[in-house]
Amino acid sequence: MATMYAAAGASSMLVARPRLPKSSINCSLPYLPPRPSVSSFSTSIKNYPESSSRFSSLRVKAEETSSGSVEVNELFEDLKEKWDGLENKSTVLIYGGGGLVAVWLSTVVVGAINSVPLLPKIMELVGLGYTGWFVYRYLLFKSSRKELASDIESLKKKIAGTE
């Protein structure tokens, strides 16, 4: 059976479109198996003889390990012990809140800079130039790499308070 449509205008045009029966349209999705539980996987590579595989002599086999959940529990236990050992919890909360506000504020500033035409490209060029200078100054020669390592170690000592 075909449905007829008439187009209005100077000359009438007749267009015939076949009508599909509603039972022929299948809107159901294929069955998907449930996702496996979230855990870490380890891989093992075994060497098989060449006759067992046309393209490669290596096969990778994934094995499920349950050590991931143990590590998360240990992490929470360590954090709880450190939190209980703190004397100035309010100071830590203030610094943490200040850090979150600083991250939010920096994203706002970067978004404002990104909305200005041509300024993001200029900032990319400045970053590329600084990266080139840093590589030339600290990473290209062995003596400058040693100087950078000693600067980093002295900074670590200042932060840790052992200097």
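Visitor: What makes Tyr130, Trp133, Phe134 and Tyr138 one aromatic cluster?

Guide: Rings of Phe, Tyr and Trp (its six-membered ring) pair if their centres lie within 6.5 Å, and these four residues form one cluster of that kind. The model is predicted, so local features need pLDDT of at least 70 and side-chain atom pairs count only at pLDDT 80 or more, while totals for chains, interfaces and linings use all residues. Residues are numbered from 1 along each chain as its sequence is written, and side-chain values use heavy atoms, with hydrogens and water left out.

Visitor: How many aromatic pairs does the structure hold, and why is the pair of tryptophan 133 and tyrosine 138 called edge-to-face?

Guide: There are four aromatic pairs. For tryptophan 133 and tyrosine 138, the ring centres are 6.1 Å apart and the planes stand at 90°. Planes under 30 degrees apart count as stacked, over 60 as edge-to-face and the rest as tilted, so this pair is edge-to-face. Tyrosine 136 and phenylalanine 141 form another edge-to-face pair, with 6.2 Å centre to centre and 75° between the planes.

Visitor: Is tyrosine 138 buried or exposed, and how do you know?

Guide: Buried means under 20% relative accessible area, exposed over 50%, partly exposed in between (1.4 Å probe, protein chains only). Tyrosine 138 has 15%, so the residue is buried. Tryptophan 133, at 42%, is partly exposed, whereas tyrosine 136, at 52%, counts as exposed.

Visitor: What lies over the face of tyrosine 138?

Guide: Arginine 137 does, at 4.7 Å from the ring centre. The test asks for NZ of Lys or CZ of Arg within 6 Å of the ring centre and within 35 degrees of the ring normal.

Visitor: Why do the side chains of glutamate 147 and arginine 137 count as a salt bridge?

Guide: A salt bridge needs a side-chain nitrogen of Lys or Arg within 4 Å of a carboxyl oxygen of Asp or Glu. Here the N to O distance is 3.1 Å, so the pair qualifies. Glutamate 147 lies in helix 4 and arginine 137 in helix 3 (residues 119-139), so the bridge ties together parts that are ten residues apart in sequence. Helices (H or I, at least four residues) and strands (E, at least two) are DSSP runs, numbered from the N terminus.
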